[in-house]
Every structure is written in C-alpha cells, then in structure tokens.
Amino acid sequence: MESPAKGTKQPSAGDSHPAQTMPIIPDSRVEEIPQEILTPSPKEETLPALPPPHPVIEAHKAEKDVIHGQGGISIREHVLRNLSRGLGWFINAFATAILSVLLGFAPPVSDVPLLDFIKSHKLTVLVILCVVVFLTMVALLAFYERFQPMDALRKAMGTVTIVSMLSCGLCLSLLWVTLARPSWCLTSLSSLCPASKTIVKPLTSTRGSHDTNLDAYFISFQSATYAIAGNPLKPDYIPSSGNPRSIGVVPLDTKAPSTPYTIAVGVHSLSTGGYSVVIDKVALLVTRVNVVPDPLNVYAAGLFTTYTSTNPSRFVYRGQHVSQMIPDTYSNSPLPRVILGAGESDQIDAAFESSVPVDIQFRIQVTYHILTHEDAHSLTLPQVFEVVFSNVSTWRTYQLNLANQNFVSAP
C-alpha cells in the first residue's frame, strides 16, 4: 500500500462523504503577471475616436501657428482688428454728421478748404487717388492667400465694412452736390441745391463796380506828387491820395523811385453761399494818350501810405494806344493769387511804370471766375485814372495854401 501524498487531508470517521482533494502541481509555463498591469493607472482614460481633420484647415492652422508663435495673436491681426474698429467708428461718426446737416439739425459749412484744394488741383488729386488704388490692389493680391479660408466672423466684418463704405460714399456724394452745387443740380434739383443768396447793393456804391458775385472798388493812391488841375491859384480840386480824380506824376530823369505810382483796388465777394471767387487777372484799359504838358504844374504832397506788398500787380507802358490793354506782368502765374471765400475781402496793388514821357488815362478791369465754374466774368471800375510820366526839368513845383485852398510857388 502506498502512503498518502503529503499535503492531503485524511477523512475523518464522522464524514459521510469522502473529501475530494486536488493536488497543487507547479507549472513552469505560467508566469506571474506584474501588479502594474493588473492595476489600471488613474491617468489613463479612453477617448472617443475623432474624425480626421480637414487638410486645408490643418494647413491654415499650421500657418497661423507659425505666424503667431506659441498660439498668441499676431501683430498684423491685432493691427487689422484695431484698424477695422477705428475705421468703423470714424465712418459712423462722419455719416452721422452728414445726415445731421442734410436733415437740418446742424447748419452746413460755408466753405470747405479740402474741396477748394481738390478743385484747384484736380490733376494732382487724380494722380494721388490712382496711386492709392493701385497700391491697395497690389496689397490685396499679395495677402490674398493669408486670408483663406475666411471664417464666418471675417465674412460678417467684410459685409459690414462694405455696407458702411457704400453708405459713406453716398453721403459724401450728397454732401459734394449740396456744397458744390453743379449746374445740373441747380436746374434739376432746386430743393437740394438752392440758389446762392447774393447782395444786390454794393458796399462801395460811389467808388466801385459790382455784379452778383464780386464788388471791385478804388481805395487809394500811392504817389508823392500830383499834377494841379486848372489854375494853381484857383484849382479845380485839391489832389490827394484818396481822391480818385487826382493825377499822379512820376519823374523819369532821376533815379527810379523806391515806391512807384500804385493804385490800391479792393475786391469783395458778394456771395453768401458755399462757393469761392477766384481773381484771374487785372488789366489796364487805355482810354486816352496825351502829350505831356510843358511846363507841368506839380504839387509835392508827400508820401504817407505805401501799397507794395498786398497781391502786387505790375503794369508797364510800351506804347499802347487807345482801346488797347496793358496786361499784368504777374498774371502768367499758374496758381491764382487771390481767392475770396463767401463775404471775404482782399486788396490788389496795381503799380504802373513807363520809360518814356507820356500823359495816359486808363481804367482798371478785374477778371474773375467762380471756383466751381470755368466761365470768366469781368468788372471795370467806373473811374478814369490818369498818370503823367515826365522829366523833372519841366516841373513847376507848388505848395498848398490851406487858408485859401489854393497853391503858391515853392521857394
């Protein structure tokens, strides 16, 4: 009989069923499983499967990562965002101001210097606009790929910007029509472009000539000596710088005077609207040419006021006859020297010179045009001015006797 194996339990006498025993057989093929594998790590989680990303979006995201660095906003995007906000605020404010003018809540401006500059430098402004549009198109083409694909926010911002630009362009067009008042607007849209109010009565009715836009008038003479009209003991009048009948006398056989014979002419805009008056030129119209008297009675009045620096004009007598014009030597300038806004006044100093003896009578003509129109208009002063260029050797100099209002011979 074999003895029972070690490790087995013998049945007791009181057991009704014999106990079954299973021997423990070691197996070298079964390896012990590590505890780290059996125990799941608390950090590991099972994630749901995601759809593969779109290649265009991934490329755009990669490009943005390269531009942004570590995921921040680039300088370009920051500048564009602030620029869009500032542009939108400016357009809204400008549109509000224009609508307030058009609806009557605010008075319209009488003059816009920017519009005057654009109208007087049309070619320069056109060239600048063409350059700006060209550079803008080049920039858009150069950065077109950077804005692809465009998300919904950018599409909305683009739509709002386009609508704002169109509304701003419409408001600017209406503002230009109301301020410039072209001829077709005055005839077709009289309610939008009312006719400008003008002053019918001139400010200087006794010394000037005027129309509905401009008033030109005599101010004063610049002359140190005057010719005595009539008998010196009983003169027709006492010449002075403020008397338009006074006959100026200029010496020829001495050194050229530092202050030539000059007539100060005033110009005043009668417009109360939004347009400006541009003085194109000043001319002298010869009415009579006489022989210089010999002897010539001269009154040395002295020079109290000079006119040489305010819009100077220079006229030189070169043998012109009656009905001929003596042009202003400064009128060939391409830029206008006198521009009058609504109700504005200015002065023109017309200096007259000659190298030969002559007694000449003339009138002064002023030519102008409205800044928004090319039609020229002319005004001729009513006075007939006279100046004598002669040699000092033919003069008889007199002094004024205030008591008798006549002249006596100078010592």
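## Starting at Pro295

Is Pro295 buried, partly exposed or exposed? With a relative accessibility of 37%, Pro295 counts as partly exposed, since buried means under 20% relative accessible area, exposed means over 50%, and partly exposed is what lies in between (1.4 Å probe, protein chains only). Pro295 sits in the loop between β8 (277–290) and β9. Its C-alpha atom is separated by 5.8 Å from that of Trp395, a residue 100 residues away along the chain. Leaving aside neighbours within four places in sequence, Pro295 is in contact with Thr394 and Arg396, where contact means heavy atoms within 4.5 Å.

## What kind of model this is

Please keep in mind that this is a predicted model, in which local features need pLDDT of at least 70 and side-chain atom pairs count only at pLDDT 80 or more, while totals for chains, interfaces and linings use all residues. Residues are numbered from 1 along each chain as its sequence is written, and side-chain values use heavy atoms, with hydrogens and water left out.

The pLDDT is the predictor's confidence in each residue, from 0 to 100. Its mean for the protein is 74, and 56% of the residues reach 70 or more. Where pLDDT is low, the predicted coordinates should not be read in detail.

## The overall fold

The protein has seven helices and 18 strands; these are DSSP runs numbered from the N terminus, with helices (H or I) of at least four residues and strands (E) of at least two. Buried residues make up 30% of the 411 residues. Of the contacts with a separation of 6 or more, 75% are between residues 24 or more positions apart.

Strands count as paired if DSSP finds at least two bridges between them. β9 and strand β17 (residues 395–401) pair in the parallel sense over four bridges, and Tyr299 has Tyr398 as its bridge partner in β17. β17 is in turn joined to β18 by four bridges, and these two strands run antiparallel. Here Asn401 stands opposite Asn406 in β18. The hairpin of β17 and β18 has four residues between the strands, and in it Gln405 takes a positive phi near 55 degrees.

## Aromatic pairs

Which aromatic rings come together? A search of the whole structure finds eight aromatic pairs. Rings of Phe, Tyr and Trp (its six-membered ring) pair if their centres lie within 6.5 Å; planes under 30 degrees apart count as stacked, over 60 as edge-to-face and the rest as tilted. The rings of Tyr299 and Phe407 have centres 5.0 Å apart and planes at 55 degrees, so this pair is tilted. The pair links distant parts of the chain, with Tyr299 in strand β9 (residues 296–300) and Phe407 in strand β18 (residues 406–409), 108 residues apart. Tyr299 is buried at 11% relative accessibility, and Phe407 is buried at 0%.

The pair of Phe352 and Phe362 is edge-to-face, because the ring centres are 5.2 Å apart and the planes are at 85 degrees. Phe352 belongs to strand β13 (residues 345–354) and Phe362 to strand β14 (residues 358–370), so the pair ties together parts 10 residues apart in sequence. Phe352 is buried, with a relative accessible area of 2%, and Phe362 is buried at 1%. Both belong to one aromatic cluster, formed by Phe218, Phe221, Tyr261, Phe352, Phe362, Phe385 and Phe389.

## A salt bridge and a buried asparagine

How many salt bridges are there? The count comes to one, with a salt bridge taken as a side-chain nitrogen of Lys or Arg within 4 Å of a carboxyl oxygen of Asp or Glu. The side chains of Glu353 and Arg314 form it (3.2 Å, N to O). Glu353 lies in strand β13 and Arg314 in strand β10 (residues 312–317), so the pair ties together parts 39 residues apart in sequence. Glu353 is partly exposed at 28% relative accessibility, and Arg314 is partly exposed at 30%.

Asn311 is in the loop between β9 and β10 and is buried, with a relative accessible area of 15%. Leaving aside neighbours within four places in sequence, Asn311 is in contact with residues including Arg337, Val338 and Gln347. A polar atom of the Asn311 side chain lies 2.7 Å from the backbone oxygen of Gln347.

Methods
A polar contact is a pair of N or O atoms within 3.5 Å; within protein, one must be able to donate a hydrogen and the other to accept it, and residues adjacent in sequence count only if both atoms are side-chain atoms.
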